[in-house]
Amino acid sequence: LNLDQASRRMDVFKSNLQELTEKGQEKAFYAERKKLLRQYETLNKEIATYENNIGFFSSSSKNSSMMKDLEIKLNKMKKERQVLMDQIKMMEDSVE
């Protein structure tokens, strides 16, 4: 299910990207790229914070529900980071 959602999301992004490039809207194209890069950087910082926090808690209670919740959220953020990276790469490839 998540794969289908990510795939649909990338298809929509690709379609929007094609519209921007076909219409020659360079300013909007680069604004979108800049926005994606900011989101990627913010997400990287959040992931680092979560990994650091998990490191503190992991020694005390591996099976706690809080640890499981943190790990689930961390995995979701990593998937989101990959989607952002794929979108940024797609934009860079379309410029070349």
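Contact is defined here as heavy atoms within 4.5 Å. The structure is a predicted model, in which local features need pLDDT of at least 70, side-chain atom pairs count only at pLDDT 80 or more, and totals for chains, interfaces and linings use all residues. Residues are numbered from 1 along each chain as its sequence is written, and side-chain values use heavy atoms, with hydrogens and water left out.

Confidence was examined through pLDDT, the predictor's confidence in each residue, from 0 to 100. The chain averages a pLDDT of 85. A score of at least 70 is reached by 90% of the residues. Among the elements, helix 2 has the highest mean pLDDT (90), and helix 1 has the lowest (81). Where pLDDT is low, the predicted coordinates should not be read in detail.

The chain contains three helices and zero strands. Helices (H or I, at least four residues) and strands (E, at least two) are DSSP runs, numbered from the N terminus. Along the sequence the pattern reads α-α-α. Helix 3 has 31 residues, and its end C-alpha atoms are 45 Å apart. This agrees with the span of 45 Å that should follow at 1.5 Å a residue, where the expected span is 1.5 Å times one less than the number of residues. Among contacts between residues at least 6 apart in sequence, 72% join residues at least 24 apart.

Burial was assigned from relative accessible area: buried means under 20%, exposed over 50%, and partly exposed in between (1.4 Å probe, protein chains only). Buried residues account for 20% of the 96 residues in the chain. The chain exposes about 7,200 Å², of which carbon and sulfur atoms supply 51%. These areas come from the Shrake-Rupley method with a 1.4 Å probe; for residues, only the protein chains shown count as cover.

The largest nonpolar core has 15 residues. Such a core is a set of buried Ala, Val, Leu, Ile, Met, Phe, Trp, Tyr and Cys residues joined through side-chain atoms within 4.5 Å. L36, L74, M77 and M91 have the most contacts inside this core. Helix 1 (2-22), helix 2 (26-58) and helix 3 (65-95) each supply at least two of its residues. Helix 3 gives the most, with seven residues. In soluble globular proteins, nonpolar side chains tend to be buried together.

The buried residues of helix 3 are M67, L70, L74, M77, V83, L84, Q87, I88 and M91. Beyond its neighbours within four places in sequence, L74 is in contact with I47, Y50, E51 and I54. Q87 also lies in helix 3. Q87 is buried because its relative accessible area is 4%. With neighbours within four places in sequence left aside, Q87 is in contact with R9, M10, F13 and L36. K14, in helix 1, is 73 residues from Q87 along the chain, yet their C-alpha atoms are separated by 8.2 Å. K14 counts as partly exposed, at 45% relative accessibility.

One aromatic pair is present. F29 and Y30 form this pair, which is edge-to-face, with 5.1 Å centre to centre and 85° between the planes. Rings of Phe, Tyr and Trp (its six-membered ring) pair if their centres lie within 6.5 Å; planes under 30 degrees apart count as stacked, over 60 as edge-to-face and the rest as tilted. F29 is buried, at 5% relative accessibility, whereas Y30 is partly exposed, at 42%. A28, in helix 2, is partly exposed, at 34% relative accessibility. A28 and L17 are 11 residues apart in sequence, and their C-alpha atoms are 9.9 Å apart in space.
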